[in-house]
Amino acid sequence: MTMFLALLLGAVTTEAPQVVNAGFETVNERTETPVGWSFTSLPNQAHLVSYKTAIDPTVTKTRALSISVVPNHPDHKVAYNAHQDIQGIVAGKKYRVAARVQARGLRTLPMVVVQCLDKSGNKMLAFARTEDRKIDNDVEEWENVQTEVTVPEGTSTFRLRIGIPAEGNAGGTALIDDIRVVEVK
Ligand SMILES: [Ca+2]
């Protein structure tokens with residue numbers, strides 16, 4: 001019976017989008033970064049940004065992803081983000097991608113970006129992102145950001161990116177938690 005249930009659940013979950021470590025609770029002890037995610041940095045200049053998990057100081061007391069840009073960041077255009085290729089996505093279906101975010105010392109609210117890539121990985125078939133919102137003050141309460149995307153036929157990779165541009169955000173920290181990818185019916 002247990003085996004049957006496992007098989008049944010397995011069959012069901014392959015139909016649904018699966019975000020690995022969506023709440024950033026699982027941490028690589030050596031690097032202190034959340035498992036399941038990859039992180040962008042400039043070649044040979046990884047010290048300009050740090051990706052860690054931080055304990056949410058509010059009542060929830062769970063971990064969140066924290067992205068900090070060094071105060072003296074040079075004037076390079078670079079988007080710092082954690083990214084992951086999401087499994088269980090079906091072409092032709094529409095998905096909502098959402099996250100909770102906070103901002104400390106940032107000029108832009110952290111963003112979630114979706115890229116639908118073809119088999120070669122070089123051609124972008126669709127692109128969506130949450131609002132590019134300028135902010136003047138810290139955001140210390142969790143705020144929800146979301147976007148929707150219809151996955152084109154021929155999509156081989158559904159890449160999700162979450163983060164901030166370096167520009168205007170030197171010395172600031174983005175906090176991100178609870179990544180959700182759900183089908184919109
Ligand atoms: Ca969390």
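Colleague: Which pLDDT do local features need?
Modeller: Residues are numbered from 1 along each chain as its sequence is written. This is a predicted model: totals for chains, interfaces and linings use all residues, side-chain atom pairs count only at pLDDT 80 or more, and local features need pLDDT of at least 70.

Colleague: Is Ala 22 buried or exposed?
Modeller: A residue is buried if 20 or more other C-beta atoms (placed from the backbone) lie within 10 Å of its own, exposed if 12 or fewer, and partly exposed in between. Ala 22 has 20 such atoms within 10 Å, so Ala 22 is buried.

Colleague: In what order do the five strands of the open sheet lie?
Modeller: Strands are DSSP runs of E, at least two residues long, numbered from the N terminus. Two of them pair if DSSP finds at least two bridges between them. Here the pairing is antiparallel, and the order is S2-S3-S10-S5-S8.

Colleague: Which are the edge strands?
Modeller: An edge strand here pairs on one side only. The edge strands are S2 (49-55) and S8 (139-150).

Colleague: What is the bridge partner of Val 101 in S8?
Modeller: S5 (residues 94-104) and S8 pair in the antiparallel sense over nine bridges. In S8, the partner of Val 101 is Glu 143.

Note on methods:
Helix = DSSP H or I, 4+ residues; strand = E, 2+ residues; numbered from the N terminus.
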